Structures are given as C-alpha cells and as structure tokens.
Amino acid sequence: MKHKEKQTEKSGHSMLSNILYFVRLMFKHSPGLVIGEMLWGIVLKLPTRLVSVIGVKYIIDNVSAGAGKEKIFGAVGIIAVILIASETAAWIFREFYWNSEKERASRALNETLYQKAKSLDLANYDNPEFYNNFILTIEASADNIQNVLGLVRNYVGEFISLLTICSVVLALDPICLLIIIAIVIIFTPISKKIGTYQMQRREDNNRLHRRADYFARVFYLQDYAKEVRMNNIKPLLIKRYNEAAQAVCDNQKKYVRKIDLAYFIQETGVQIVGFMFILPLYLGYCVLEAKTMSAGSFVAAFNGAFSIASSFSFLTVTAVRNFSERAKMIEKYRQFLKCEPTISSGDTEAECGTPEKIEIKNLSFTYPNSKEKVLSDINITVNPCEKIALVGYNGAGKTTLTNLLLRLYEPSEGEILFGGENIKNATLDSHRKRFAAVFQDFQLFACTLGENVSLDKEVDKPRAESALKHSGFTKELEKGIDTPLLREFDDEGIMVSGGEAQKIAIARAFYKKCPYVILDEPSANLDPVAEYNLNQAMLEAAKDKTVIFISHRLSTTVNADRIYVMEKGRIIESGTHRELMEKNGAYAYMFNLQAEKYRT
C-alpha cells in the first residue's frame with residue numbers, strides 16, 4: 001500500500017487530469033477565451049470538411065443530372081459564402097478578442113505565480129529541483145496558454161468533424177465507413193510509433209540544445225565579455241560549441257531515419273493500399289456494378305475517408321503526444337502552486353516604534369537537505385539602540401544569523417525574542433517591517449532612482465533625496481530622483497557603477513522608518529573615503545536605532561558598541577574593539593593583519 005502511495009506521489013497527476021485542470025483554471029480567468037477557442041476550432045475545421053463531402057457531392061450529382069447553371073452556380077455561391085463567413089468569424093475573434101484576452105489571461109496566471117513565489121520561504125530556493133521547476137513554470141506560463149488552448153481548439157474541431165463526417169459517410173454507405181475505420185485503425189500503431197520517436201527526439205534535442213545555447217550565451221552576454229577578450233579561452237569555447245552543435249545534428253540523423261521509415265510504411269499502407277486501392281475498388285463496385293452509389297457519393301466518400309483519417313490520426317497520436325508534453329509542464333505548475341511556506345505567520349501585529357531588547361537564545365540552524373549545522377548554540381543580547389558588529393571569515397554564519405533575525409529562515413533550535421516576545425508570535429509582514437536591510441547581494445530594479453530607494457509605489461521625494469545624500473550618492477542627474485535606472489523599460493535609463501549601486505542600496509536603510517537596521521557588507525564596493533563618510537553618516541542617522549552590521553573591513557567595527565567574532569557557526573569572542581584588542585585573540589589577529597596591509 002505504501003509503495004503504491006509513493007508511486008502515485010512520484011508520478012503526479014494523469015495527462016487528462018492536468019489538461020482539464022489547466023482548462024478549468026483558464027475558464028476561471030477567462031471563460032470567453034476558452035469557449036471562443038472551442039467554437040473557433042469547430043468553425044475552422046467543420047465547414048471545409050462538410051464542403052469537401054456534402055458540397056462536392058451536391059454539385060457533382062446536379063451536374064450528372066443535367067441541372068441548370070443557376071442551380072449549380074447557386075450552390076457554389078452558397079459554399080463560398082459559408083467558407084468566407086467561417087473565415088471571417090475566426091478572423092474577427094482572433095483580431096478583436098483572442099489576442100488581447102490571451103494576454104489578460106497570461107497576466108492573471110503570472111500574477112498567481114508571482115504571488116505564490118512571494119509567499120514562499122528562501123528555503124524553497126535552496127532546493128535545486130524546486131528552483132528549476134519554478135523557472136520552467138514561469139517561462140512556460142504564457143507558452144502553456146497558447147499551446148494548451150490551441151490544442152484544445154484543434155481537438156474539439158477535429159472531434160466534431162470526425163463525428164459529423166462519420167455520420168455523413170454512414171448515411172452514404174455503412175460498409176464504406178467500416179472499411180475507412182478499419183484501414184485507419186490497422187495503421188494507427190505506426191502513427192503512435194512516429195509520435196513516440198518525435199517526442200524522444202524533442203526531449204533529446206532540448207537537452208543537447210541547452211549545451212549549445214550555453215556556449216552561444218558566453219559570446220553575447222556582457223558578463224563574459226571581458227574574460228573572453230582578455231584570455232585565450234575562445235578556441236576552447238568554439239570547440240565545445242561545435243561538439244555540442246554536432247551532437248544535435250547526430251541526434252537528428254538518428255531519429256530522422258526511424259521517423260522517415262515509419263512515415264513511409266504508414267503512408268504506403270493508408271494512402272496507397274487503403275485509400276488508393278481497397279477503398280476505390282469498393283466504391284467503384286458500388287457505383288458501376290451495384291448502382292447503390294452516385295458519382296457524387298463516390299467523391300464524397302473518398303473525401304470523407306481522408307477527412308476521417310486526418311481527424312483520427314490527430315486525435316489518437318498528434319494530440320496525445322502534444323498534450324502529454326504540455327501536461328508535464330502543467331504538472332510542474334500544479335506542484336509549484338501546491339508548495340506551502342514552512343515559516344508560519346503569527347497572530348500579533350508587531351509595533352514598528354522604538355527599538356526593544358533583542359535576545360537570541362541557544363540558536364542553532366541547519367539548511368534544508370544538509371546535515372551540517374551552520375549555526376550552533378548562539379547566545380546574544382542586543383540592547384536598544386546598540387550598534388553590533390558581526391565579524392569572521394567567509395562561511396562563519398554571519399549572514400545566516402541575520403536571515404534568521406528577519407525570519408527568512410526558521411531556526412532549527414532555540415528562539416529569538418524582541419522585547420521578551422518570541423518573533424514567531426508576530427505576523428511575518430509586521431515583523432519584517434521593523435527592519436531596514438541592505439544585503440550583500442542587493443539588487444537594483446528597473447524603476448526610477450526614487451523607487452529604488454523607497455522600494456515602494458509611493459516615494460517621499462525629500463526623504464529619498466536626503467537618504468541618498470547620507471549614503472554618499474552624489475551623481476548629478478538631469479531628472480534627479482525621477483531618473484530611470486537600467487534599460488529594461490526605458491532606453492534612456494542610466495547604468496550606475498558598483499559603488500554607486502551600493503550607495504543607492506544603502507540609502508534604503510536611511511529612507512525606511514523603522515527601529516532596526518541590518519547591513520551586510522555595506523561598504524564592500526566603496527573606496528576608503530566613501531567608507532569613512534558612510535560610517536559617520538550611519539552613526540548619526542541611526543543613533544535612535546539598533547544596528548547590526550556585518551563587515552570584513554574591520555576599520556568599520558571600531559566604533560561598534562559590541563563586536564561578535566564568529567567561526568564555523570559559533571561565537572568565539574565578544575566585546576568592544578578595545579576589549580578584543582587587549583585579549584589579543586582572533587579579532588586582534590585579523591585587525592592587525594589588515595592594519596599591517598594598510599601601513600605597508
């Protein structure tokens with residue numbers, strides 16, 4: 001029983017379940033789009049199929065019977081009107097509704113994904129499988145809409161056409177219909193084999209294309225431009241690219257032979273043996289010997305055979321193959337939306353007022369899917385308005401500790417108290433609003449300078465300008481705070497240097513009204529003068545706030561109220577700069593080593 005449960009969980013939902021799930025989801029966002037797609041499929045397929053069967057039969061029978069020109073031209077005119085009307089209806093739907101509604105539905109789907117992504121914890125992003133599925137889900141969202149609804153459109157159109165034409169042929173001659181269905185069914189396994197080969201080829205091609213695409217990106221992305229031009233790696237990259245591209249070509253050859261052979265057997269069997277020999281013999285007998293069928297019925301049955309074969313092949317092979325591929329992406333979509341955050345929000349609204357005492361008690365943490373502790377038994381007390389420095393070598397656990405303070409991760413053991421209250425009792429939003437955080441791996445957004453400082457829709461311009469001034473951002477800009485950054489949405493957006501970008505990120509800490517500030521390597525990209533000015537400005541602006549900062553430049557820690565030295569997830573020393581220098585331990589060693597480099 002357990003084995004079956006595990007197997008079901010691993011395999012996920014069935015293809016049909018995933019397709020119906022996505023169609024229902026689309027119907028929820030845009031019922032008109034889903035219904036319109038289905039009607040579009042019928043309008044595109046059915047009239048032409050009926051004309052090729054009933055319309056042609058009517059004209060041929062009337063010509064054979066010696067009907068007047070008016071009747072024949074009238075029939076042709078009606079057929080033309082039907083075909084033009086169906087094409088016009090499809091065009092109106094596509095141009096005046098489908099294009100815009102598809103984008104609206106895509107926006108709704110993506111918004112659902114983005115809201116879900118925002119609610120999940122950083123721990124999810126540490127899971128490679130989750131992260132890969134997330135990227136695929138985001139990238140394939142709009143693609144799924146177009147492809148799945150397109151498949152549904154064609155499926156409905158082909159299904160209705162199949163039923164209708166089968167009914168017409170059945171009315172003409174039941175035996176003829178049986179012959180057509182028998183021919184199609186006999187050769188359907190070959191069609192399925194072709195579909196399997198094509199799916200395997202596509203999967204292999206996708207894998208091989210990713211390799212070739214990587215080397216192509218190396219040559220056109222700016223990130224690699226300097227390294228490629230300054231070193232002799234170009235021949236190696238081109239060699240690897242050629243190997244990857246050749247692998248794609250070899251894969252194509254491998255499958256093309258199989259697919260072509262299967263196509264040849266199928267086409268020979270269905271088209272030549274079935275529809276060019278067996279079916280014409282029977283129809284000829286009915287027309288010439290048995291006299292049970294007219295010339296028009298002969299042509300109608302013949303055209304109906306090709307229509308039935310085409311619809312049957314699509315419904316049993318092409319659609320199944322394409323639906324199967326789409327279903328895999330929808331499965332990822334469903335799994336992503338099923339993910340739940342591991343960090344639960346409390347019920348209490350935390351106050352964003354004056355700083356309170358922070359107590360970190362017996363805190364330990366292990367990253368998901370890891371056995372090694374990153375933090376072990378951390379105990380720290382931070383009094384209101386203190387300036388606390390965390391120092392230590394890379395990997396000591398400094399950034400992880402601040403992430404736990406922000407509740408970006410949940411402690412494995414221990415607790416964190418603000419004003420004597422466990423932070424788990426506060427709602428996530430209200431707790432995080434108490435902090436201004438500048439991360440080591442900060443990001444600028446494709447927004448205005450002011451919006452990058454406020455990180456909000458509303459910008460208090462005087463406060464943003466003051467925050468930039470305190471951070472040392474002095475770049476003269478014609479549009480000032482309204483200057484767009486980056487060029488994703490504005491060709492005139494400006495690009496800033498690493499140091500300028502860091503000053504903009506630091507300005508966020510000056511801008512936000514909150515009692516606590518966390519700075520992770522705030523001066524990493526700044527020159528010594530800018531670093532000194534920043535430290536002075538930060539001490540002045542944050543005199544009524546609690547500040548916790550991480551720094552590898554120990555010159556910035558001199559004025560901290562207390563310094564905690566971390567090593568391998570533990571606190572090995574703590575005290576003021578003077579106290580730690582007198583201890584002549586790890587901190588004194590690191591400080592003297594840096595100071596000696598400056599003196600040298």
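Begin by selecting helix H4 together with helix H10 (residues 295-338), which pack at an angle of about 40° with their axes 9 Å apart. Because the angle has this value, H4 counts as oblique to H10, where angles under 35 degrees are roughly parallel, over 145 roughly antiparallel, 65 to 115 roughly perpendicular and the rest oblique. Axes here are lines fitted to C-alpha atoms, for helices over the stretch in contact, and angles run from 0 to 180 degrees between N-to-C directions. Helices (H or I, at least four residues) and strands (E, at least two) are DSSP runs, numbered from the N terminus.

Now show the side chains at this contact (heavy atoms within 4.5 Å): H4 contributes Leu109, Thr112, Leu113, Lys116 and Ala117, while H10 contributes Tyr333, Phe336 and Leu337.

Before going on, note that this is a predicted model, in which local features need pLDDT of at least 70 and side-chain atom pairs count only at pLDDT 80 or more, whereas totals for chains, interfaces and linings use all residues. Residues are numbered from 1 along each chain as its sequence is written, and side-chain values use heavy atoms, with hydrogens and water left out.

Stay on helix H4 (residues 69-119) and select Leu83, which lies in it. Setting aside residues up to four places away in sequence, Leu83 touches Pro47, Thr48 and Val51.

Next, select the open sheet, whose 4 strands run in the order S2-S1-S4-S5 with antiparallel pairing; two strands pair if DSSP finds at least two bridges between them. Its edge strands, each pairing on one side only, are S2 (375-382) and S5 (421-422). Strand S1 (residues 358-365) pairs with S2 in the antiparallel sense over 5 bridges, and helix H11 (residues 398-405) packs on the sheet, where H11 touches S1, S2 and strand S4 (413-418) and its direction makes about 120° with that of S1.

Finish at Ser430, which is found in helix H12 (residues 428-432). Ser430 is buried, with a relative accessible area of 5%, and, leaving aside neighbours within four places in sequence, Ser430 is in contact with Thr348, Glu349 and Ala350.

Definitions and conventions
Buried means under 20% relative accessible area, exposed over 50%, partly exposed in between (1.4 Å probe, protein chains only).
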